[in-house]
Amino acid sequence: VQLQASGGGLVQAGGSMRVSCAASGIIFSFGDMGWYRQAPGKRRELVASITNGGGTNYADSVKGRFTISRDNAANAVYLQMSSLKPEDTAVYYCNAEVRRHTGSSYFTYWGQGTLVTVSS
């Protein structure tokens, strides 16, 4: 299973950006999916997560500005970011719990990361 993140780049403060993550490989079903970020010199932190049933969880710092969504048919998870701030600058990583076969356990896979830079 591979997760491919895309959509990062440079945006001005106050702008919007959407990052996407598509999974490929042998996939029977997904569990939770999410986005993390890691800024220079800081630890990786959870940005948002979404359950198989659509329940969402957000870091306090992005509540009301970011929206996570998923498309199980497309094996994809998205993060719509608005009102971006310079402190949102980071490498954004997607992850997903994947069950590869009926009866197998979930295993967490990570994407390679996509850089989002917010200029002031």
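This report walks through the strands, core, charged contacts and rings of a predicted model.

## Ground rules

Since this is a predicted model, local features need pLDDT of at least 70 and side-chain atom pairs count only at pLDDT 80 or more, while totals for chains, interfaces and linings use all residues. Residues are numbered from 1 along each chain as its sequence is written, and side-chain values use heavy atoms, with hydrogens and water left out.

## The four-stranded sheet

Let's start with the strands. Strands here are DSSP runs of E with at least two residues, numbered from the N terminus (helices would be runs of H or I with at least four residues). Two strands pair if DSSP finds at least two bridges between them. With that in hand, there is an open sheet of four strands, in the order β1-β3-β8-β7, with antiparallel pairing. At its edges stand β1 (2-6) and β7 (66-71); each has a single partner strand, so one side of each is left without a neighbour in the sheet. From one strand to the next, the twist averages 15° (axes are lines fitted to C-alpha atoms, for helices over the stretch in contact, and angles run from 0 to 180 degrees between N-to-C directions).

Inside the sheet, β3 (residues 17-24) and β8 (residues 76-81) run antiparallel and share six bridges. One spot to look at is S20, whose bridge partner in β8 is Y78. Y78 also has a charge over its ring: the charged end of R18 sits there, 4.4 Å from the ring centre. (To count, NZ of Lys or CZ of Arg must be within 6 Å of the ring centre and within 35 degrees of the ring normal.)

## β4 and its partners

Next up is β4 (29-38). It pairs with β9 in the antiparallel sense over eight bridges, and G34 stands opposite N95 of β9.

How enclosed is β4 by the rest of the structure? Seven of its 10 residues are buried, so β4 is largely enclosed. Buried means under 20% relative accessible area, exposed means over 50%, and partly exposed is in between (1.4 Å probe, protein chains only).

## The nonpolar core

A nonpolar core is a set of buried Ala, Val, Leu, Ile, Met, Phe, Trp, Tyr and Cys residues joined through side-chain atoms within 4.5 Å. The largest one here has 31 residues, and W35, L79, M81 and Y92 have the most contacts inside it. Strands that each supply at least two residues of this core include β1, β3, β5 (45-50) and β11 (114-119). The largest share, five residues, comes from β9.

## Salt bridges

How many salt bridges does the structure hold? There are four, counting a side-chain nitrogen of Lys or Arg within 4 Å of a carboxyl oxygen of Asp or Glu. In one of them, E45 meets R37, with the closest N and O atoms 2.7 Å apart. E45 is partly exposed at 36%, whereas R37 is buried at 6%.

Another joins D88 and R65, whose closest N and O atoms are 2.8 Å apart. This pair links distant parts of the chain, 23 residues apart: D88 is in the loop between β8 and β9 (90-99), and R65 is in the loop between β6 (56-58) and β7. D88 is buried at 1%, and R65 is buried at 11%. R37, E45, R65 and D88 are linked in a network of salt bridges. Then there's D60 with K63, at 3.1 Å from N to O; D60 is exposed at 64%, and K63 is partly exposed at 48%.

Rings of Phe, Tyr and Trp (its six-membered ring) pair if their centres lie within 6.5 Å; planes under 30 degrees apart are stacked, over 60 edge-to-face and the rest tilted. The count comes to two aromatic pairs. In F107 and Y109, the ring centres are 5.0 Å apart and the planes are at 70°, so the pair is edge-to-face. Y109 is buried at 16%. Elsewhere, R44 lies over the face of Y93, 3.7 Å from the ring centre.

N75 is not a glycine, yet it has a positive phi of about 55°. N75 sits in the loop between β7 and β8 and is partly exposed at 22%. S83 is not a glycine either, and its phi is positive at about 50°. S83 lies in the loop between β8 and β9 and is partly exposed at 41%.
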